[in-house]
Amino acid sequence: MRNWLVLLCPCVLGAALHLWLRLRSPPPARASGAGPADQLALFPPWKSRHYDVVVGVLSARHNHELRNVIRSTWLKHLMQHPSLSQRVLVKFIIGARGCEVPVEDREDPYSCRLLNITNPVLNQEIEAFSLSEDISSGISEDQVVSVTFRVLYPIVITSLGVFYDASDVGFQRNITVKLYQAEQEEALFVARFSPPSCGVQVNKLWYKPVEQFILPESFEGTIVWESQDLQGLVSRNLHKVTVNDGGGVLRVMTAGEGALPHGFMEGVEGVAGGFIYTIQEGDALLQNLHSRPRRLLDHMSNLHREDALLREESSVYDDIVFVDVVDTYRNVPAKLLNFYRCFRLNWAVDRTGKWQELEYPSPAYPAFACGSGYVISRDIVQWLASNAGRLKTYQGEDVSMGIWMAAIGPARYQDGLWLCEKTCETGMLSSPQYSPQELTQLWRLKEACGDPCQCEAAAGGA
């Protein structure tokens, strides 16, 4: 007999309940449910009996209200059902640790990376790249060179530039410099350098001004230098240039961290010039840095209160699995893998054939289920748990699952009633993005009419 695991985002109406009511397999025989010896001490103990279906609800630490709505709607119905309550186990999956960096001080609200700005260079123009005095500026064989960077605090780029060729008298080259927003085909800025129009020389670069507008926080861009001559560019790899980050307001990204625009993937990663920029909203930045110590104290106090509330919640309801990760959106795939380790059943980690090949070389995602929910069989859970230490996590748990599944090629079944957008359809198995209040109201309609969508329509026409 097959066993199933259901993974849900916390804002679905009642996907698991619909699924359980459609199950037709007989009750299982009793079996030992002993977990692995290395199970983390912070995990709550599993009940000893065997279950047909285990439902994991990915939940953020602060979502107390939404968890309580689930407990008072479809989960309550399940627990009171004489048969399903014996066959289905439901657990909320929560990171054991909160992020110790206040949201205002993170590089982005979805990670736990500190926005590490110190001594920002304000009220002056900054050259992003420079060459050391002892490095020669000879021409390379590279025709196209590109570098990707991420803006951590708003800046304005005023000029684009190319490196000076010491062997030339004046400027004797034809070079195009373009700035792209990551994954966009059309350039934001373009500067063309030629002997009649070479711009202004500053230090070891020639610069030309560009149209100015603010590049916001989290902007990811790529600068591409392209030679229009038969000769290559004056270029250096990233290790041989000095990056002037203005005190931490931008970061150069190496291959694998950023996304080069389509069509420039053949370009060599490096630097063939630079750009000049200024930091915006300097007074607000200084005020933000000045208030960091007090903000950190308040945030740590809130984390301690949150820990206490979660311990109490777990003690009262006994339906939480704490996984050993920092609870942020970027760590949702890691939460998923840690949850599967509760399920390790001593399968061998080393495998042969396609089950052993875990590397994902393709630049395009394979097919994957949207994040509102999906169902996987027991053998897949066992494989994921046994290989959790070797699986790379990507930007989302749904994308990560699709990539992991591409390694083993399981049979896929698509049900159109698993909805990926917030909408209401008769018989739907999932519909994400509902607030606690909306979820409560939909469940009331379901209890009153049997179908919240038809009940809504009837109420609207009355």
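User: Where does Leu89 lie?

Analyst: Leu89 lies in strand S3. Keep in mind that this is a predicted model.

User: Is Leu89 buried or exposed?

Analyst: Leu89 has a relative accessible area of 9%. Buried means under 20%, so Leu89 is buried.

User: And how far apart are Leu89 and Gly56?

Analyst: In sequence they are 33 residues apart, and in space their C-alpha atoms are 8.6 Å apart.

User: Step back a bit. How many helices and strands does the protein chain have?

Analyst: The protein chain has 11 helices and 19 strands. It has 462 residues, and buried residues make up 50% of them.

User: What share of the contacts join residues at least 24 apart?

Analyst: Counting contacts between residues at least 6 apart in sequence, 80% join residues at least 24 apart.

User: Which residues have the most contacts inside the largest nonpolar core?

Analyst: Those are Phe149, Ile157, Leu160, Ile223, Trp225, Phe275 and Tyr277, in a core of 49 residues. Strand S7, residues 155-163, gives the largest share of this core, with 5 residues.

User: Take Ile223. What does it touch?

Analyst: Leaving out residues up to four places away in sequence, Ile223 touches Val145, Ser146, Val147, Phe149, Leu160, Val177, Lys178, Leu179 and Phe275.

User: What does the second core include?

Analyst: The second core is separate and has 21 residues, including Leu66, Phe322, Leu439 and Trp443.

User: Leu66 is in helix H2, then. Which residues of H2 are buried?

Analyst: In H2, which covers residues 64-72, the buried residues are Leu66, Arg67, Val69, Ile70 and Arg71.

User: What covers them?

Analyst: The cover includes strand S2 (53-58), helix H3 (74-80), S3, helix H6 (292-317), strand S18 (320-326) and helix H10 (436-449). S3 is also the strand that holds Leu89.

User: How far is Ser435 from Leu66?

Analyst: Along the sequence, Ser435 and Leu66 are 369 residues apart, but C-alpha to C-alpha they are 7.4 Å apart in space. Ser435 is found in the loop between H9 and H10. Its relative accessible area is 24%, and Ser435 is partly exposed.

User: New topic. How many disulfides does the structure hold?

Analyst: The structure holds 1 disulfide. It joins Cys99 to Cys112, with 2.0 Å from S to S. The link of these two residues is right-handed, with 90° about the S-S bond.

User: What does the pair tie together?

Analyst: Cys99 and Cys112 both lie in the loop between strand S3 (88-97) and strand S4 (126-127), so the pair ties together parts that are 13 residues apart in sequence.

User: Are those two cysteines buried or exposed? What about Cys198?

Analyst: Cys99 is buried, at 4% relative accessibility. Cys112 is partly exposed, with a relative accessible area of 30%. Cys198 counts as buried, at 15% relative accessibility.

User: What is the phi of Asn123?

Analyst: Asn123 has a positive phi of about 60°, although it is not a glycine. Most residues other than glycine have a negative phi. Asn123 is found in the loop between S3 and S4, and with a relative accessible area of 80% it is exposed.

User: And the phi of Glu281?

Analyst: Glu281 also is a residue other than glycine with a positive phi, near 50°. Its place is in the loop between strand S17 (273-279) and helix H5 (282-290).

User: Where is Ala388?

Analyst: Ala388 is in the loop between helix H8 (378-386) and helix H9 (397-406). Ala388 counts as buried, at 5% relative accessibility.

User: Which residues lie nearest its centre?

Analyst: Phe163, Phe171, Arg173, Ile175 and Val234 lie nearest the centre of the largest cavity, out of 13 residues that line it.

User: How do the residues of the lining divide?

Analyst: The lining of the largest cavity divides into 9 nonpolar, 1 polar and 3 charged residues.

Terms used:
Residues are numbered from 1 along each chain as its sequence is written. This is a predicted model: local features need pLDDT of at least 70, side-chain atom pairs count only at pLDDT 80 or more; totals for chains, interfaces and linings use all residues. Side-chain values use heavy atoms; hydrogens and water are left out. On a 1 Å grid over the protein atoms alone, a cavity is a set of points where a 1.4 Å probe fits but cannot get out, and a pocket is an open set with protein on both sides within 12 Å along at least five of seven lines; lining residues have an atom within 4 Å of a point. Ala, Val, Leu, Ile, Met, Phe, Trp, Tyr, Cys and Pro count as nonpolar, Asp, Glu, Lys and Arg as charged, and the others, Gly among them, as polar. A disulfide is a pair of cysteine sulfur atoms within 2.5 Å. Helices (H or I, at least four residues) and strands (E, at least two) are DSSP runs, numbered from the N terminus. Buried means under 20% relative accessible area, exposed over 50%, partly exposed in between (1.4 Å probe, protein chains only). A nonpolar core is a set of buried Ala, Val, Leu, Ile, Met, Phe, Trp, Tyr and Cys residues joined through side-chain atoms within 4.5 Å. Contact means heavy atoms within 4.5 Å.
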